[in-house]
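Please open the model in a viewer and keep the selection panel at hand.

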Amino acid sequence: MTEPVRTTCPYCGVGCGLLLHRAGAGWRVEGDPEHPANYGRLCSKGAALAETLGQETRLLHPLLRGERVSWSTALDAVAQALRRTLAEHGPQAVAFYVSGQLLTEDYYVANKLMKGFLGAANIDTNSRLCMASAVAGHVRAFGEDVVPATYADVEAADLVVLIGSNAAWTHPVLFQRLQAARQARPQLKVVVIDPRRTATAEAADLHLALAPGTDAWLLNGLLDYLRRESGIDWAWVEAHVAGFGAAFAAVAGLTIPLVAEHCGLKEAEVATFYRWFAATERSVTLFSQGINQSSSGTDKVNAILNLHLATGRIGRPGMGPFSLTGQPNAMGGREVGGLATQLAAHMDFAPERVEAVARFWGAPRIARAPGLKAVDLFEAVQAGEIKFLWIMATNPAVSLPQAERVRQALERCPCVVVSDMTAHTDTARYAHVLLPAAAWGEKDGTVTNSERRISRCRPFLAPAGEARPDWWMVAHVARRLGHGDAFAYRGPAAIFREHARLTTLANDGTRRFDLGPLAGLSDADYDRLPPTLWPLGQERPYADGRFSTADGRARMLPIHPRAPAAAPHAAHPIVLNTGRLRDQWHTMTRTGLSPRLSAHCTEPCVELHPADITRLGLAAGGLARLHSPHGEAIARVLAQPGQRPGEAFLPMHWNGRFSARAWANALTAAVTDPISGQPEFKHTPVAVSPYAADWYGLALSRTPLTVDHLPYWSVTPARGCWRYGLAGRQGDLAGLHAWFEGDGELAEFADPAAGRWRAALMRDGRLERLVFIEREPQRLPERSWLEALFERERLTEAERAALLLGSPPSGTASEGRVVCACHGVGEARLAAAIAAGARSVEALGAQLKAGTHCGSCVPELRRLLRQAAA
């Protein structure tokens, strides 16, 4: 039997180890029981990876202005455009925009070319959108971007505080580890601080649903409470911290009633949280985008770090502040210097460090000052200052704020190069040169997860078509520019060795990021490299109380809470929050290929409190138009009692490939934190109003449909077909009738007076296409049983008769909305099992298998059980 390939998951920052087994012509994925990030666990996305390996959407060959060309021609074109731009406009007219999806070796080579040999630091990454505030906070407090805790500390804690993190959906395997620790140690308490009642909040001992943007008030109040209630470890603070006097002065007088008023919380809730934190030495604070994605995100990060420094709860088992990175290699990008504000290897642009790196690289034209951060970079493209832009493995036309303005910038840029695994992104359509990048499963290199653990990504597939690794492309362009000696890499192992050597440069021990012992790895050693935590030989940095500052002391900073940049007002009275769904990832380039992952949320939905739905004249299941000064979006209305009144939530994933007008970042403003440059994605004032269509529709088809003429559409894959949600004006219906022209057996029913039309197309007894049109969306049929018909080679007479009736044949169970993606278990079947006596998650698992594979759906199973018991 062939040995499985050990590799690392390409999704979130948990960095789960995977085993890839040959299964006939395909692959079977399972968790690696030996990997210390997950010990065999997987989430729904990781478990479905085998469904996303097809080549149907892959970019297989280089394209130059839409025409297929050879690699030599494409790389010549890139090098010529770079050379021309440098000659005519200088290095500041060139920029790279890269991604936490790159491997560390890709990142290293791109950063080296841009900063070392092109002479500007205008290389930034989409990690600017998720982790930049954490980076800035770490550097301000510790002197270096170091996460001072591990996953084992989460399990060893007696109190875990999650603030701005829906880990049950965004870091599900770490959440599974937390839940298992709670079962093993019932004294472990969990506090969730989040305006929304998320799946994570559902599982908490205490949920503080604070008003958006008030985190710093709550955290500062806790610091003052600790000072008043003898919760400060003064001996540790005086020995290891500077700046504590100013930090304590900034929070003086923040009583519990005052904090509760500012945060929109009950005094008893605040008091309980403060008491628990003060009394529990083993405390871990997990934070993520709800903290970082703010116009004051860096200050919020430092407010968290202040608490752990003031109590000495850092560098010891079961305690510490813990930033959860969003992407699989956001940390690796930070290590090599992939942010415009870093040079390389945790070094800044201090003159002596610039000179040292210039000598190491042999780069006399090295950049000597920070470059443009992501939002500023694209503003420079819009202003005509950036003339050459190379985008690698990311989709900024969807993911950046003010997305429409970003698209305008890309359209006017003289040269846009995009290297990606697919040409089907909103960004790729603006590329003058499209370069086919190797995808996960084909790439060879390393990534670093949230706990600083370096893991290998090993290939198990041959590259699709002519796809190549990103480092290879960059190195070949560098050679064409005359820098061949500096980019003569034979493979990723050589790049990693150079990267490891660079971490030792001018490092007298103050920088904890030091991979020197790995600099001598042979190619075989590199291939066998086990998951490796840095600092090498240390589980927790700063266990000795010495930090990465000149004097070895950490810094507490005075934090003065600031309101979000824009407040709701009469024209835009609703505060919009954006974020992730459980089963999708970024802009759905990979997860959007999986029917399993698309079943939990089949359309873009805006979540609103039921009272707001009534007040705004909306209808649950209908459509809403969201409008801000920057753009608009249309989404299905979802009633969510866990949403605070006056607030809305819209997922970030939807884009022009999967929806007509549901891009969250068409609405968000390009407002950033003044220190980190991270955008404020969590607080956008919007107006929400009904979107009044003449009709609403559901279509299922084995082949893609032409829907671009419709004002609203969304599409996701189902098993055997594509699933469409539709809406439009009366005149748009003619285009739908065209779907049923041609060969085949057409069954049709129309009731113009009721605004109803139904049609089904069959060929040789097999269902090919189906559409339901109704005047009201609530009259559309439940779709799960209809989707199942596309898995049949021939329909039975009962199924054919039921088609246009819109209800399943007698004896056919409808699944309802899918809750457990791994086993395809829907709400209807769960409700029936609960009604029949299943009273626990374990009972549902035993009966239906729901929740028994990855566990991502367990919070939702608990919610359904509570609702049934109420």
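**First selection: α2 and α21**

Select residues 71-89, which form helix α2, together with residues 470-480, which form helix α21; in this predicted model the two axes come within 9 Å and cross at roughly 60°. Roughly perpendicular begins at 65 degrees, so the arrangement of α2 relative to α21 is classed as oblique. Viewed as a crossing, the pair α2 and α21 is right-handed.

Now display the side chains where the two helices touch.

Move to helix α3, residues 104-118, and helix α22, residues 492-502, whose axes come within 9 Å and cross at roughly 65°. The pair α3 and α22 therefore counts as roughly perpendicular. The crossing of α3 past α22 is left-handed.

Which residues of α3 meet α22? They are Thr104, Glu105, Tyr108, Val109 and Lys112. On the α22 side, select Pro492, Ile495, Phe496, Glu498, His499 and Leu502. The contact of α3 with α22 contains six nonpolar, two polar and three charged residues.

The handedness of the crossing of α18 and α20 is left-handed.

For the contact itself, show Phe378, Glu379, Val381 and Gln382 in α18, then Arg405, Val406, Gln408, Ala409, Leu410 and Arg412 in α20. By class, five nonpolar, two polar and three charged residues make up this contact of α18 with α20.

How many cavities of 30 Å³ or more does the structure hold? There are four. The stop here is the second largest cavity, with a volume of about 100 Å³. To locate this cavity, select Cys9, Cys12, Cys16, Cys43 and Val173, which are the closest to its centre among the 13 residues that line it. Two elements give two or more residues to the lining of this second largest cavity: α1, residues 44-47, and α7, residues 172-184. The classes in the lining of the second largest cavity are 10 nonpolar, two polar and one charged.

Select Arg65 and inspect its backbone torsions. Arginine 65 is not a glycine, yet its phi is positive, at about 50°. This arginine 65 is in the loop that runs between β4, residues 63-64, and β5, residues 67-68.

Finally, select tryptophan 534 and proline 535. Is the peptide bond from tryptophan 534 to proline 535 cis or trans? The bond is cis, with omega near 0°. Proline 535 is placed in the loop between β19, residues 532-533, and β20, residues 554-555.

Methods
Residues are numbered from 1 along each chain as its sequence is written. This is a predicted model: local features need pLDDT of at least 70, side-chain atom pairs count only at pLDDT 80 or more; totals for chains, interfaces and linings use all residues. Side-chain values use heavy atoms; hydrogens and water are left out. On a 1 Å grid over the protein atoms alone, a cavity is a set of points where a 1.4 Å probe fits but cannot get out, and a pocket is an open set with protein on both sides within 12 Å along at least five of seven lines; lining residues have an atom within 4 Å of a point. Grid points are joined across faces, edges and corners, and a volume is the space filled by probe spheres set on the points. Helices (H or I, at least four residues) and strands (E, at least two) are DSSP runs, numbered from the N terminus. Ala, Val, Leu, Ile, Met, Phe, Trp, Tyr, Cys and Pro count as nonpolar, Asp, Glu, Lys and Arg as charged, and the others, Gly among them, as polar. A crossing is left-handed if the near helix is turned anticlockwise from the far one by less than a right angle, and right-handed if clockwise. Contact means heavy atoms within 4.5 Å. Axes are lines fitted to C-alpha atoms, for helices over the stretch in contact, and angles run from 0 to 180 degrees between N-to-C directions. Angles under 35 degrees count as roughly parallel, over 145 as roughly antiparallel, 65 to 115 as roughly perpendicular and the rest as oblique.
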